Amino acid sequence: MTFLHGSAMKGFNYPMKHFCKHIALGLAHVTAIHAMALPLPDRQDQEGRRNVLFIAVDDMRTDLGCYGHSVVKSPHLDMLARSSLQFNRAYCQQAVCNPSRASLLTGLRPETLNVTDLPTHFREHFPDIFTLPQWFKEKGYHTENIGKIFHNWRQDSFKGDPNSWSIPARMHYATHGSDRAVVKGTVPRDLLDLARAEKRHVSDDAYFDGRIASEAIRSMKRLKTSKEAFFLAVGFWKPHLPLNAPKRYWDLYDPKSIQLPKDNHPPLDVPSLAMHDSRELLRSFPDGLSSEQIKTLRHGYYAAISYVDAQIGRVLNALDALDLRRNTIVVFWSDHGFHMSEHGLWCKTSNFELDTRVPLMISTPDMQGKGRQTDALVELLDLYPTLVDLCAMSPPPHKLEGLSLQPLLKETKTSVKHAAFTQHPRPAYVPVGTSPRAMGYSMRTKRWRYTEWRAFDTGKVLATELYDHMLDTRETLNLAYKDPYKERIQQLRRALEDTYPSNASHQSVLDESSPQERPNMVLIVADDLGYGDLGCYGSKRNKTPNLDRMAREGVRFTDFHSNGSMCTPTRAALLTGRYQQRLGTLFEGPLSGRSDYQRGLPMKTHTLAEALKAKGYETGMFGKWHLGYQAPHLPTQHGFNTFVGLASGDGDHHTHVDRSGRPDWWHQETRKDEKGYTADLLTDHAIRFMQTHRDRPFFVYLPHLAIHFPWQGPDDPGHRTPGNDYWDDKWGRIPDPSNVAPHVEAMVASLDWNVGRILKVLKDLHIDGNTMVFFMSDNGGYIHYGETHQNISSNGQLRGQKGSLWEGGQRVPAIAWWPGRIPPGITDETVMGFDLFPTLMSLTGKRKKHDSAVLDGIDCSRLLLSGEPLPHRNLFWRDGKAFAVRSGPWKLLRTDDRQLHLFDLYHDQSESYNLATKYPERVGELFQRFQDWQSSMGL
C-alpha cells in the first residue's frame with residue numbers, strides 16, 4: 001500500500017541509480033548505439049513491401065465478444081478476429097501507459113529502459129535508440145501517427161516521439177480530461193450525474209476517437225496514391241477514463257445486464273504491496289462508491305469499448321474500400337488491462353491478470369487459416385521483432401528482448417516462450433525525483449502466476465504471490481504461504497531470477513562499529529488515547545500542536561495496532577517483542593491490584609530494556625508499569641537502570657493513590673511520593689535522565705498514565721486518599737458524567753505539551769538528530785464507560801472501543817520522528833506494537849549472537865528510513881472467547897458472543913459490512929489459522 005516521502009527525497013537521482021543497479025539485467029547488449037554496425041540488407045525491395053496498420057487502444061482488457069465476453073458488443077473487432085490470429089494469452093510489460101508503450105515500441109523491457117513511471121521519456125536514457133516506427137522509417141517506409149501511440153502527457157520536451165514519424169503526429173498529445181464533447185452550438189446536457197463518466201446525445205466525432213478515425217481515413221486515402229509503403233499508427237484514447245461515449249453506445253446495453261463483479265474484495269492472503277489506492281478513479285469519490293455507481297461505471301466502460309470498436313470498424317472498412325487490405329498487415333493491441341472493482345481495485349497499476357492481460361490480434365494478407373486462436377504465452381514487446389520479420393527487414397542495431405511471433409502465425413499450437421513477465425513499482429505512481437520503495441515482478445506461465453515483491457534498493461524479497469489459473473482464474477486465493485506449494489515456488493523463483501536477477505542484499509541499517517553514533521531511543525506511550533484524539537488524526541476538539549508537528553516531520557501510521565485492547569497485554573507484548581500469550585493467559589487481560597498483587601512479569605522474560613542494556617544503553621523508565629505491583633516484578637528487575645512512576649494500572653493524577661487506596665509512586669523499588677501532576681512529573685524525570693546521559697546512548701521508556709481514568713486535567717481536583725477503596729469510584733470527580741470530554745481534552749493538551757518539552761530538550765541538548773522518538777497509544781480509547789460516563793474519547797471512524805477487538809479497541813495513533821533520518825510521510829503498512837522490539841534493536845546496529853530473544857514482531861526499520869514495505873504476515877489477537885485474525889485486508893473477528901464477522905479493512909475500515917456469509921471459505925481459512933496459532937502459543 002502507500003508510503004510517500006516528502007522533501008527529504010528531493011534531488012535523489014533515481015534514473016541514474018536505477019540504471020546502474022540493472023547493468024546485470026542485460027543493458028550491456030543495448031550498447032554502442034552511437035557507434036552502430038551497419039544494418040544487414042533487407043530481404044525485400046521497396047516494390048513488394050507490405051504496409052502496416054498499427055491500431056492501439058488504451059486501458060482495454062479482453063472484454064470483447066471474440067474473447068468470450070457475453071455482454072460487450074464489439075462487432076467490428078470480432079470481425080477482425082475472424083481474419084486474424086487472436087492471441088488469448090498476451091501480456092503487457094507494465095500496467096500503466098508510458099512504460100507499456102515505451103517497452104512495446106522499443107522492444108525492451110521497462111527495467112532495461114529504466115522507464116517505470118509516467119513522466120520519464122525513454123530517450124532521456126537512450127537518445128539514439130530506434131523505435132519500431134522509426135526503424136520502418138529508416139528502412140524507407142512512410143511512418144505516420146494519428147492519436148495516442150506514445151505516452152500522451154507530462155513529457156513536454158518530447159511530446160510523443162518526433163524521430164519516429166515522417167510527418168508531425170496529430171491528436172497525440174493532451175490530457176484525457178481534455179477529451180470533452182465538441183459540437184456546433186450548445187453541447188447537449190449530460191444525462192448522468194457521476195464523476196468520470198458522461199452520457200450525451202452527440203455524434204461520434206464529438207470526442208477524440210471519432211475525429212481520429214476520420215483523420216486516419218483521410219490519411220489512408222492520401223497514402224493510397226503514394227508509391228511508398230506506409231506504417232500508419234492509429235491510437236485510440238478509449239476506453240480510458242473519462243467514460244464519455246456518445247449516448248447511442250450506452251443505449252446498446254440494458255442496465256439490468258450490468259452486474260457487480262463476483263470478487264470485489266482483495267484475494268485471501270494477498271500482501272498489501274499487491275494492492276493500491278485506485279486513486280485514478282477513487283479520488284473523485286472520497287466517500288466510496290455505491291453498488292449502483294459501480295454498475296454505472298461498468299456500463300460506461302462497456303459503452304466506451306463499443307464506441308472505440310465502431311471507430312476501428314470505420315478505419316477497417318476504409319482499408320477494404322481502398323483495396324489496401326490485400327497488402328497490409330493489421331495489428332490490434334491494448335497497452336494494458338483494467339480493473340472495475342474486481343479485487344476491490346479500479347483502473348490499472350497492479351500485477352494481477354486483469355491488468356496485465358491484453359487483447360492482441362495480427363492479420364496478414366497471406367495468413368493460413370484465418371480466424372484462428374492461440375493460447376501460447378506472448379508479450380507486447382514481441383511485436384517489434386514480429387513486424388520486422390513479417391516485413392522481411394533486418395533487425396535494428398540494438399538487441400530486442402522480445403521474440404518474433406511469426407512461428408505462431410504458421411502453427412498456432414507451438415510456443416515461443418515459457419512465460420510472460422510484467423512488473424510494477426510501489427507506490428503505484430512514483431513521485432518525480434524519487435525511487436520506488438519496492439518493485440513487483442510477475443511471471444505468468446501456462447498454469448501459474450507467480451509475483452515477487454522486492455525492496456528496490458536491496459533486492460530483498462518482501463512478499464510473494466502464487467495463483468493457480470487452472471483452479472482459480474479470478475486470482476482469489478494467494479497460495480504462496482501454503483506448505484504444499486513451497487517446491488513450486490522455488491521452481492518459479494529460479495525461473496524469475498533468470499529474467500530479473502534479484503541482486504539481493506541484507507545489509508544492516510546502522511554500522512555496529514561506532515557505538516557513540518548509535519541513536520538514542522525515546523518511546524512515549526499514551527494510555528487509552530483513541531485513534532481520533534489527535535489533530536493529525538482528524539480531531540477537531542483536541543489541540544495537539546506538538547504531536548501534529550511530529551506527524552508532519554516524521555512518519556504517521558494509519559494502520560498501527562496494539563497487541564491487545566487493555567493495558568497489561570499491550571505492555572507485555574511491547575517490551576518482549578512477542579505475543580503476550582507466550583507468557584500465559586494471565587497476561588491476556590489487565591493485572592488486578594486485588595487478585596494479582598503478588599504476581600507479575602516472570603523473571604526469565606527477556607525485555608527490550610535488557611537487550612538495549614546489553615548493547616551499552618543507559619535505560620530509564622518513567623511512567624505506568626502495570627506488569628507487577630511490587631518487587632521482584634518491577635522495572636528495575638527487567639533491564640531498567642532507573643524507574644520513577646507507578647506500578648499499578650491507574651493512580652490519581654494528583655495524589656498518586658491507586659484504586660485499592662495504596663500510595664503508588666515509586667523511585668526504583670521504594671515508594672516515595674512527590675507533589676505534582678503525573679504527566680508533568682514523569683516528563684521532569686525523563687528530561688533529567690536525558691540531560692544526565694546525553695553523552696552516551698540512552699533508552700527512555702515514557703508510558704504516560706494520561707488519558708486513563710481517573711479523568712483529571714491539571715486543573716481538576718485530586719480525588720483519592722490513602723486507605724480508601726476506589727474500585728467502585730475510579731473515575732474522578734466528574735460533575736457531568738454525560739460529558740467527560742472537557743476533562744479528557746485538558747489531559748490530551750497536557751500530554752501534548754509534555755511531548756513538546758521532550759522534543760525541545762532534545763534540540764537544546766543538540767541530540768535531536770541522533771534520537772528517534774516513537775509515540776503511540778497502548779490501546780484504543782473509551783467512547784463511553786457503562787451507561788453513566790459518556791463522550792469520553794474518540795476512535796474516529798473506527799468501530800468499538802477499549803476492551804474490544806473491533807478496530808477501535810486496538811488500532812491506535814502512532815508516530816515515528818527522527819530529524820534527518822526518517823523522511824516525512826504517511827504509511828498504511830500494517831504494524832503491531834511488538835514490532836518495536838526488533839525495530840529499535842535494528843536501529844542500534846547488527847544483532848549479536850547473544851541477542852537470543854525469539855521474537856514474534858518484525859523489523860520495520862527500513863519502512864521508517866526508506867519506506868520499504870513490509871512482508872506479508874498474519875496477525876492475531878485473543879481475549880478470552882473473543883479473537884481476531886488479520887491477513888492483508890481481511891480481518892476475521894469472533895466476538896464474546898461467539899459471532900463470526902469478516903471484514904475487508906481496505907474498503908471498510910469502520911467494519912460496517914460483515915462478509916462472513918458471502919465468503920465462507922475465507923472464514924474457514926482464517927479460523928484454521930487462528931487455531932494453528934493458538935496451538936503454537938500452547939493455549
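Two strands count as paired if DSSP finds at least two bridges between them, and helices (H or I, at least four residues) and strands (E, at least two) are simply DSSP runs, numbered from the N terminus. The structure is a predicted model, so local features need pLDDT of at least 70 and side-chain atom pairs count only at pLDDT 80 or more, while totals for chains, interfaces and linings use all residues. Residues are numbered from 1 along each chain as its sequence is written, and side-chain values use heavy atoms, with hydrogens and water left out.

With that settled, on to the sheet. Here 10 strands make up an open sheet with mixed pairing, in the order β20-β19-β18-β17-β21-β14-β22-β23-β15-β24. The edges belong to β20 (670-671) and β24 (825-827); each has a single partner strand, so one side of each is left without a neighbour in the sheet. Elsewhere in the sheet, β17 (residues 618-624) and β18 (residues 642-646) run parallel and are joined by five bridges. Lys 624 has Leu 646 of β18 as its bridge partner.

Helix α18 (residues 741-764) touches β14 (520-526), β21 (698-703), β22 and β23, and its direction makes about 170 degrees with that of β22. Helix α14 (residues 545-553) lies across β15 (555-557), β22 (771-777), β23 (814-817) and β24, at about 65 degrees to β23. For these angles, axes are lines fitted to C-alpha atoms, for helices over the stretch in contact, and the values run from 0 to 180 degrees between N-to-C directions.

Gly 825 is buried, at a relative accessible area of 10%; the label buried means under 20% relative accessible area, with exposed over 50% and partly exposed in between (1.4 Å probe, protein chains only). Its C-alpha atom lies 9.0 Å from that of Phe 557, although Gly 825 and Phe 557 are 268 residues apart along the chain.

Strand β4 (residues 230-239) has 10 of its 10 residues buried, so it is largely enclosed by the rest of the structure. Strand β1 (residues 51-58) runs parallel to β4, with six bridges between them, and Leu 53 has Leu 232 as its partner in β4. Strand β3 (residues 142-147) also pairs with β4 in the parallel sense, over six bridges. From β3 the chain passes through helix α6 (residues 208-224) to β4 in a right-handed β-α-β crossover, meaning that, with the strands pointing away from the viewer, the path from the first strand over the helix to the second runs clockwise.

Helix α3 (residues 97-106) is mostly covered too, with 10 of its 10 residues buried. Its buried residues pack against β1, α4 (110-113), α5 (132-138), β5 (328-334) and α11 (383-390). Just after α3 comes Gly 107, with a positive phi of about 75 degrees.

Finally, helix α22 (residues 920-936). In α22, the buried residues are Arg 922, Val 923, Leu 926, Arg 929, Phe 930, Trp 933 and Gln 934. They cover an arc of only 135 degrees around the axis, which puts them on the same side of α22; the arc is that of the directions from the helix axis to the C-beta atoms. These buried residues pack against β26 (874-879), β27 (882-887), β28 (890-894) and β29 (900-904). After α22 comes Gly 938, whose phi is positive, near 75 degrees.

Key:
Contact = heavy atoms within 4.5 Å.
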